[in-house]
Each structure stands twice: as C-alpha cells, then as structure tokens.
Amino acid sequence: MKRKTVVAALLTALIIINVVACHANIDTNDDAKPTKHNDGETITVWAWDENFNIKALHLAAQMYNEINPNTTIEIVNMAQGDVIAALNTNLAAGIHEGLPNIVLIEDYRAPGYLNAFLHEFADLSGIASPSDFAEYKSAISSINGSFYSIPFDSGVAAMFYRLDLVEAAGFTEADMQNITWEEYIAIGITIKETTGVDLLTLNPNDLGFIRMMIQSAGAWYTGPGGEITIAGNQALKDAFDITGQLMEADVVRPISSWDQFVGAFHDGLVASVLTGCWIAPTISNANDQAGDWRIAAFPRMGANPDSVNASALGGSSWYVLQNVTGVEAALSFMEATFASNVDLMNALAIEINLVSTLIAAESVENYSLDFDFFGGQEILTLFAEWTNDIPAVDFGEHTYQIEEILITALQRFLNGRDIDTLFREYQTNAESTLQ
C-alpha cells in the first residue's frame, strides 16, 4: 500500500514520547524515603499522581481512620518511574527494608512483577475475589486460584468528539454511536472537507492507539503462554491497516508530545479525541467549548469480527507486599477501602472522576450525575457500562519493549513495506531481543 511520502517523512522525524495516563492520622511524605515498620499500626503506601491516586488515598485513609483511629497511613507520593526503579532494585536483591506495605502498579507492568517475584506479593483471596471486579482487570492478577491485586481505576477508552463540528458536517449524535473505524474515518473526511478541522491527533511513536485497537479484538502482542505473537496477529495487522487508512485520508494532525496533544483539542484543531476516560477532566478545562463535546463508545475494527466497541488505555491496581512488616494491617486497610467500599467509590467519582472497576460500585449515585460540559450526558455511567465490555487480555511481560520495536515497524509500513513480510521480520527481532 503506497503512502504519501511527505507524511511518512514527517512521521519518521517524530520523537518517542510516552503519553501515559492526576486529615486524621495521615502522614503524607512527598520526598522522604519510607522507613522500616516496627509494628502493624503503620501502613506505608507508594503511588503517583497527586491529583488522582494520591487524592484517592487521602480519602480512603480518612474513611479508614474513622474506624481505626490508631492506625497511621503513610502516603508516599513518588513519580511512577521512581516506584518502578525502587521495586526493581529491592525485589531483585531480596531487600525488604524501605519497601512499602502497599504499592500501586500499572496494569501493563504487573505481569512482569508477578512472573518474576510472585513470592513477594500477598494472596488477597481472603479479602476479595476476581469476580468482584471487571474481568479485564482481575484477570491480570488471577494466578492458579490465587488473587494478587485490588483493581482500581478503569482506563476504559472512549471517543470524545465535538458535536458542533459533527453537525456542521451533516451528522448527528446517533451517527456516532457504536461505529466502526471505517465509519469514523468516513465521517472525519467529511468534517475536514466541511470545516477544515482534522479528525484526531496521532503520535506514531506512542502506540497507545494500536494498543486500544488490538485489545478491542481481545488480542495482544503476546499469547497466553507469554510467546510473542507479532507474525500472524490479525488484530495487529488490522490496527496497522486502519492507521494507514487514517493517514491516507489526510484527517490526522501529527503530534510528538503531551502538550501538543492537549493543545490540539483545547485550540479546536481536532474534532475528536480517542483515549482513556481519564482525559475527561483535561478536555473539560476548555471552558469556551462547554456544551460542544460529547462522548461515544470506542470504534470497533469493522474488518475484524472479534472487535467490539470497547477497549482500555492505562489503569493500575493495588498490591500488598507480604514480606514487609505490617501485612495484616495492610490487608485490613485494603479490605475496608478499595476492595469493597462503595461509599468510597461514590465519593471518588466526584473527587477525581474515578470510574471504579469494583462491580458493586457500577451504579453508585454519583455516576448518574450529568455533566453540562458534555451536553448533560451521564458520562460516568457510560464509562462504567463500557468497562464491563472490555475484552480481557494477557498483557505478558514485555508490552513496552515490544512497542519500542514496533514503532519502527509502523513507520516502515507507512512507507509502503508489505505488512506480512514486515511482521515476520519483527517477530524474529522481538524473539531474539526478549526471549
């Protein structure tokens, strides 16, 4: 398939950017190193994002301290990269001093930790069950009848779109519901012809959009045994082809950074945004666009019968380290808060726009609140409904490493390389590098 050389050259020049998705007896320590616990009455928790995960921990700690006033919750706000580095170093060395009782781990990274250090994580089957949570989340940490995480936020994907631009092109809200990527592209062509506005941004050096497409078909870069599945991966092939169709349609605004991504929709340069639900607060910061935006389900790949109108991007879960003093206190805190507390989830729906993956919370009162910015839609209710439809996949241990390899493959595909030949080549490349 021949691609526009000017577009391919521009894409190749883009740099790699990861866009990843923000009291009583509470000790918040942003910089200090955690200390070893001498009793079970202090619980240390590591997480990142002051406005999302850390804020959720504060509220959970306040609720817990109402019942357990003698327990101190030490909340340590760290960059995600620092959490990863500290876990990697200490767990590899078998050193537990300085580690937390509870740690937040991104879902894409969790399989690697569980495969390498399963003995370090507490089995949480006594306080929660996989069936308590959305399957796509609980499947990640369900191993041989044991359950090792408390799933937290949903990264359910959605199509955020400008209704005013859609209507200017002759379409309606009904036209945007449960559509295919092919229909989405056709609408985008008309929008650009009518208004001059591009359909969406795309950074080919960040394969989050590929990730969302293949998960919608229940597929990943690896198989159930951890084997790399680039060659012969129909969902991945379809996702590459759709990316090619987007580029050929000339409805894409290329970007290379988070600021460009946000600036594009805040400045009215694109008609839609396809990403995780966590982007909703950022979109709604554009007060001058209030009432113009709507949401709809994520597009499905029309040529792939396994693809559905649901996927995810991002999301994390809570893990308890069983070789750190204070396990029982940590389990008690988890059980009373993130593992079961519907009132906490209801409060967090307002505090941080949380879409919980706790099934008991899928119909909490605050989900039914309408959002004026999105034309009165009950967006949290919709996010919760779509969360239940997300296909469960095995992320394997090497999601980010495989994507680093596939970045070049995508650029070569957009330059006209045969996709089957390309995938066989990169299958061999990935296997030699990672297995």
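Guide: A residue is called buried under 20% relative accessible area, exposed over 50% and partly exposed in between (1.4 Å probe, protein chains only). By that rule arginine 294 is buried, at 11%. The model is predicted: local features need pLDDT of at least 70, side-chain atom pairs count only at pLDDT 80 or more, and totals for chains, interfaces and linings use all residues. Residues are numbered from 1 along each chain as its sequence is written, and side-chain values use heavy atoms, without hydrogens and water.

Arginine 294 sits in strand S12 (strands are DSSP runs of E, at least two residues, and helices runs of H or I, at least four, numbered from the N terminus). S12 covers 293–297 and is an edge strand, as is S11 at 272–276; each pairs on one side only. The open sheet has three strands in the order S11-S8-S12, paired antiparallel (pairing takes at least two DSSP bridges). Between S8, residues 157–162, and S12 there are five bridges. Within this pairing, methionine 159 faces alanine 296 of S12.

Arginine 294 also forms a salt bridge with glutamate 173, with 3.5 Å between the closest N and O atoms (a side-chain nitrogen of Lys or Arg within 4 Å of a carboxyl oxygen of Asp or Glu). Glutamate 173 belongs to the loop between helix H6 (163–168) and helix H7 (181–195), so the pair links distant parts of the chain, 121 residues apart. The whole structure holds 11 salt bridges.
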